[in-house]
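Here is a short report on a single protein chain. Have the sequence and the coordinates open while reading.

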Amino acid sequence: MKALRTMTAVLALGLCFVSAAFAAPKAITVASDATWPPMEFVDANKKIVGFDIDFMTAVAKEAGLQVTFKNTAWDGIFAGVEAGQYDAIISSVTITPERQAKYDFTTPYVQIGQILVVPKAEKGSKIADLKGKKVGAQIGTTGAMEVKKVAGVELKTYDEVGLAFEDMAAGRIAGVVCDEPTAITYALQKKEYSSKFKIVGKSFTKEAYGIVVKKGNKDLVAQLNKGIAAVQKKKIDTQLKKKWQLK
């Protein structure tokens, strides 16, 4: 009888291990402000797509996570992760000391820079050349921070960067500052703007994107870093950069 009980216990323990091995991956919700092509945007089928979405999907797969995306406005996206409304943010978020003091970041996954877009008739090639004029940027972005640094230029902020380009097309502002990949999308690839706008100069900042996690959630950061390392080792990120025409 004792031997039978022992065998039953062993079988039960074995079943637990098998169950654990085949358990569903941990599910996480990731927020993204899908207004920033080609990194994250809503396509014609109302689906969130872009480099960041593909990248996060690949990272989650490598990390053994199941991911769901939540389209979230930029002006409240950080407050949402603090409140636990979602587990992480992937939304072209530049890693800065100020943000690192409030949130945890994964290892960097993309290097970018800010760049200036102006109407084709504009002769200026840098923000300082637009003194006495208005320059647009999305609110709370590093692009807006760069415009603020230039004396004599008035910053006009927008909830979405697309609205800034609309204003510039209407002649209400003299320039837009944003991440270089997004500038290329709006100024060179969108049919309604390619004949009106130009990118001037070179990117004038060196920045890196990271995935944002609530401060103190070290376990999730470690899982995501594991996924990022695997994606980079397998060159999946390189394939995605080609797909979304990133440098």
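In which helix does Phe51 lie? Phe51 lies in helix H2. The model is a predicted one.

Is Phe51 buried or exposed? Its relative accessibility is 0%, so Phe51 counts as buried; the cut-off for buried is under 20%. Leaving out residues up to four places away in sequence, Phe51 touches Pro38, Met39, Tyr109, Val110, Asp237, Leu240, Lys241, Trp244 and Leu246. Glu40 is eleven residues from Phe51 in sequence. In space, the C-alpha atoms of Phe51 and Glu40 are 6.5 Å apart.

Phe51 also belongs to the largest nonpolar core, which has 45 residues. The members that touch the most other members are Phe51, Phe55, Tyr109, Phe165, Ile211 and Leu224. Helix H2, residues 51–63, gives the most to this core: seven residues. In soluble globular proteins, nonpolar side chains tend to be buried together.

Ile211 is another of these core members. Neighbours within four places in sequence aside, Ile211 is in contact with Met56, Ala88, Ile89, Ile90, Asp104, Phe105, Thr106, Tyr109, Leu224 and Ile228.

**Sheets and strand pairs**

Now the strands. An open sheet of three strands runs in the order E2-E3-E4, with antiparallel pairing. Strand E2 (35–36) and strand E4 (48–49) are its edge strands, and each pairs on one side only.

A second open sheet has five strands, in the order E5-E1-E6-E15-E7. Here the pairing is mixed. Why is one side of strand E5 and of strand E7 left without a neighbour in the sheet? Strand E5 (65–71) and strand E7 (103–105) stand at the edges with a single partner strand each, so one side of each has no neighbour in the sheet.

Strand E9 covers residues 114–119. Five of its six residues are buried, so the strand is mostly covered, with buried meaning under 20% relative accessible area. Strand E9 pairs with strand E12 (residues 175–179) and with strand E13 (residues 197–200).

| Strand pair | Bridges | Residues standing opposite |
|---|---|---|
| E2 and E3 | two | Trp36 and Glu40 |
| E7 and E15 | three | Asp104 and Val213 |
| E9 and E12 | four | Ile115 and Cys178 |
| E9 and E13 | four | Pro119 and Phe197 |

Glu40, opposite Trp36, is the residue 6.5 Å from Phe51, C-alpha to C-alpha.

**The largest pocket**

How much space lies in the largest pocket? About 250 Å³. The pocket is lined by 14 residues. Closest to its centre are Thr35, Pro37, Phe41, Tyr186 and Lys190.

Which elements supply at least two residues of the lining each? They are strand E3 (40–42), helix H6 (161–169) and helix H7 (180–189). Helix H6 has the largest share, with three residues. By class, the lining holds seven nonpolar, three polar and four charged residues.

Strand E3 links two of these topics. It supplies residues of the pocket lining, and E3 is also the strand between E2 and E4 in the three-stranded sheet order.

Conventions
Residues are numbered from 1 along each chain as its sequence is written. This is a predicted model: local features need pLDDT of at least 70, side-chain atom pairs count only at pLDDT 80 or more; totals for chains, interfaces and linings use all residues. Side-chain values use heavy atoms; hydrogens and water are left out. A nonpolar core is a set of buried Ala, Val, Leu, Ile, Met, Phe, Trp, Tyr and Cys residues joined through side-chain atoms within 4.5 Å. Buried means under 20% relative accessible area, exposed over 50%, partly exposed in between (1.4 Å probe, protein chains only). Contact means heavy atoms within 4.5 Å. On a 1 Å grid over the protein atoms alone, a cavity is a set of points where a 1.4 Å probe fits but cannot get out, and a pocket is an open set with protein on both sides within 12 Å along at least five of seven lines; lining residues have an atom within 4 Å of a point. Grid points are joined across faces, edges and corners, and a volume is the space filled by probe spheres set on the points. Ala, Val, Leu, Ile, Met, Phe, Trp, Tyr, Cys and Pro count as nonpolar, Asp, Glu, Lys and Arg as charged, and the others, Gly among them, as polar. Two strands pair if DSSP finds at least two bridges between them.
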